[in-house]
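Hi,

Here is the structure I said I would pass on.

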Amino acid sequence: MILRHTFSPLNNTRLSHLCGPTDEHLRTIEIALDVRIAHRHEQFKVEGPKAKALRAMDMLQALYEMAARPIQPSTVQLMLSGDGSMDTTSGPGLATRRADLKPRSQNQAVYLDNIAEFDITFGIGPAGTGKTYLAVAAAVDALQRSAVQRIVLTRPAVEAGERLGFLPGDLNQKVDPYLRPLYDALYDLMGYEQVHKAFERQQLEIAPLAFMRGRTLNNAFVILDEAQNTTPEQMKMFLTRVGFGTKTVITGDVSQIDLPKTQLSGLVDAERVLRRTPGIAITRLTSADIVRHPLVARIVDAYDAARLSDLPQISPALAIPEPEPELPRVGLPKTRVPKRN
């Protein structure tokens with residue numbers, strides 16, 4: 001299908017921002033949607049399958065409307081990673097430093113709705129789906145609204161296949177490398193100075209998972225990140241720390257478990273045990289919800305396909321169990337009474 005569109009009135013500045021340096025934005029759309037885009041001044045032509053060509057044209061029109069200023073490559077990639085529409089996905093508003101923060105997909109909107117509605121929420125999905133970032137955003141929003149008194153961040157101290165040895169420093173310095181993704185989200189959503197002031201006021205707390213036993217967390221927003229690396233015993237211990245007025249979010253990716261092969265993941269076990277428990281929400285995010293570079297979604301899909309192809313195949317003959325043969329009924333042998341002479 002071939003679509004043609006002429007942007008009017010002619011604005012060379014907007015056209016330059018729309019195309020990007022050396023047509024970088026157009027090439028990004030072409031690769032992501034498998035279409036061809038040609039243009040001569042304000043006249044654009046999109047060629048490709050109908051659905052993809054229509055989406056590419058919608059993207060060009062949306063980018064042209066925001067092209068009064070230069071468009072960042074990340075903006076184009078986020079639009080490509082969305083659900084295909086240029087409209088803002090409905091979802092709860094969050095009071096954070098990022099005024100433009102909003103869910104980028106329907107599953108992300110459901111995830112935020114579940115966090116707002118339920119006291120315990122599981123966010124399970126591959127890397128790049130925003131499960132950790134949105135959880136931190138919801139926590140910052142709750143703290144700004146005084147809905148909670150503090151934010152507690154925790155994560156199992158499990159290396160990704162490496163032996164780092166003993167780390168120097170006090171407790172926070174030892175745990176900081178494992179909690180770096182949470183720190184990055186906090187700095188982005190609150191600002192560097194506000195984060196450090198919150199630590200001084202004890203509104204932010206770093207709690208290693210191993211030290212959570214015996215505590216009761218009241219009026220707090222608790223986030224357990226990388227939960228796929230917990231054991232079932234650790235997961236049960238963590239979930240039973242929940243007190244009154246507390247929101248708890250557990251995030252993890254079951255495809256990136258760093259535990260020994262023989263060890264069951266606490267996240268996998270919790271999803272199986274708690275999936276029908278009232279008051280607990282489990283949100284499943286997929287590669288369609290990834291908001292990083294478009295290649296990340298393709299990488300996740302490629303690894304998932306390779307993992308499925310490695311599973312042993314079951315032949316149709318073995319899939320249907322054969323009926324058990326009916327054994328002949330054999331009675332007990334008759335007891336012979338010896339004849340009396």
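Below is what I found, starting with how to read the numbers.

This is a predicted model, so local features need pLDDT of at least 70 and side-chain atom pairs count only at pLDDT 80 or more, while totals for chains, interfaces and linings use all residues. Residues are numbered from 1 along each chain as its sequence is written, and side-chain values use heavy atoms, with hydrogens and water left out.

**The parallel sheet**

There is an open sheet of 6 strands, in the order β6-β5-β7-β8-β4-β9, with parallel pairing. Helices (H or I, at least four residues) and strands (E, at least two) are DSSP runs, numbered from the N terminus, and two strands pair if DSSP finds at least two bridges between them. β6 (204-206) and β9 (280-284) stand at the edges with a single partner strand each, so one side of each lacks a neighbour in the sheet. From one strand to the next, the twist averages 15°; axes are lines fitted to C-alpha atoms, for helices over the stretch in contact, and angles run from 0 to 180 degrees between N-to-C directions.

β5 (residues 150-154) is joined to β6 by 3 bridges, and Val 152 has Glu 205 as its bridge partner in β6. Two helices to look at here: α8 (residues 180-190) packs on the sheet, touching β5, β6 and β7 (220-224), with its direction at about 150° to that of β5. Helix α10 (residues 232-239) also packs on the sheet, where it touches β4 (120-124), β5, β7 and β8 (247-252), and its direction makes about 160° with that of β8. Contact means heavy atoms within 4.5 Å.

**Lys 131**

This one is in helix α6 (residues 131-144). What does the side chain of Lys 131 reach at 3.1 Å? The backbone oxygen of Gly 125, and the backbone oxygen of Pro 126 at 3.1 Å.

**The antiparallel strands**

β3 (residues 43-47) runs antiparallel to β1 (residues 2-6), with 5 bridges, and antiparallel to β2 (residues 36-40), also with 5 bridges. In the β2 and β3 hairpin, with 2 residues between the strands, His 41 takes a positive phi near 60°.

Cheers

Key
A polar contact is a pair of N or O atoms within 3.5 Å; within protein, one must be able to donate a hydrogen and the other to accept it, and residues adjacent in sequence count only if both atoms are side-chain atoms.
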